[in-house]
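Q: I would like to learn how to read the packing of a helical model. Could we go through it one feature at a time?

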Amino acid sequence: MELLRGSRDDRALRTAAVLRRSHPADKELQLAGLLHDIGQMLRPGDGVRHAVLAAEAVRPLLGERVARLVRLHASAGAADGADGPDGPDGDADAVASLRQARETAAACGPDAGVLEDWRPLLELVAAGARRAAGNATDPLGRPRGSVLGRT
């Protein structure tokens with residue numbers, strides 16, 4: 001939140017607001033719209049790598065899908081992603097929606113509201129990402145922390 005507060009431009013807020021209206025059920029896409037340009041704030045002037053930087057920053061907090069959408073939103077992001085623009089889950093439509101929302105937000109965009117309005121959604125998706133990480137399996141297929149099968 002502090003990083004987002006430091007932005008002088010409310011384009012990210014407008015992008016997220018466009019996505020909230022066009023894709024109300026896709027919370028991860030909305031957050032990708034909110035966070036898509038944080039790489040430019042993390043390392044100003046890093047040009048084409050901003051999408052990769054942003055994705056790596058959000059992955060541990062918000063999960064793989066948000067990170068993938070953030071990475072692929074830039075045309076350079078699609079080129080250096082191993083899974084391509086469709087991703088393993090077929091997110092080509094979501095990436096296209098993110099790009100379109102970004103363009104709409106740049107033109108004028110709707111009233112973006114305030115950053116604090118997004119805190120509950122950030123917390124909700126972060127909690128889901130933590131649960132998903134906690135349910136990840138090890139190479140042998142047992143859930144992490146499971147006592148089943150231990151001797």
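Q: In what kind of crossing, left-handed or right-handed, does α6 pass α8?
A: A crossing is left-handed if the near helix is turned anticlockwise from the far one by less than a right angle, and right-handed if clockwise. Here α6 passes α8 in a right-handed crossing. Before going further, note that this is a predicted model, in which local features need pLDDT of at least 70 and side-chain atom pairs count only at pLDDT 80 or more, whereas totals for chains, interfaces and linings use all residues. Residues are numbered from 1 along each chain as its sequence is written, and side-chain values use heavy atoms, with hydrogens and water left out.

Q: How many helices and strands does the protein chain have?
A: Helices (H or I, at least four residues) and strands (E, at least two) are DSSP runs, numbered from the N terminus. The protein chain has nine helices and zero strands, and its pattern along the sequence is accordingly written α-α-α-α-α-α-α-α-α.

Q: At what angle do the axes of α6 and α8 cross?
A: Two packed helices are described by the angle between their axes and the distance between the axes. Axes are lines fitted to C-alpha atoms, for helices over the stretch in contact, and angles run from 0 to 180 degrees between N-to-C directions. The axes of α6 and α8 cross at roughly 55 degrees and come within 9 Å. Angles under 35 degrees count as roughly parallel, over 145 as roughly antiparallel, 65 to 115 as roughly perpendicular and the rest as oblique, and α6 and α8 are therefore oblique to each other.

Q: At what angles do α3 and α6, and α2 and α8, pack or cross?
A: Helix α3 packs with helix α6 (residues 64-72) at an angle of about 45 degrees, their axes lying 9 Å apart, so α3 and α6 are oblique to each other; α3 passes α6 in a right-handed crossing. For helix α2 (residues 11-22) and α8, the axes cross at roughly 125 degrees and come within 8 Å, which makes α2 oblique to α8, and α2 passes α8 in a right-handed crossing.

Q: Why is helix α3 largely enclosed by the rest of the structure?
A: Buried means under 20% relative accessible area, exposed over 50%, and partly exposed in between (1.4 Å probe, protein chains only). Helix α3 (residues 27-35) is largely enclosed because seven of its nine residues are buried, namely Leu29, Gln30, Leu31, Ala32, Gly33, Leu34 and Leu35. Of the 151 residues of the protein chain, 41% count as buried.

Q: Is Leu4 buried or exposed, and where does Gly113 lie?
A: Leu4, which lies in helix α1, is buried, with a relative accessible area of 13%; its C-alpha atom is separated by 7.7 Å from that of Leu115, 111 residues apart along the chain. Gly113 lies in the loop between α8 (92-107) and α9 and is partly exposed, with a relative accessible area of 37%. The C-alpha atoms of Gly113 and Arg14 are 99 residues apart along the chain and are separated by 8.2 Å.

Q: Which residues lie nearest the centre of the largest pocket?
A: Rolling a probe the size of a water molecule over the atoms shows where empty space is left. On a 1 Å grid over the protein atoms alone, a pocket is an open set of points where a 1.4 Å probe fits, with protein on both sides within 12 Å along at least five of seven lines, and lining residues have an atom within 4 Å of a point. The largest pocket is lined by 14 residues, of which Met1, Leu35, Leu61, Leu62 and Leu122 lie nearest its centre.
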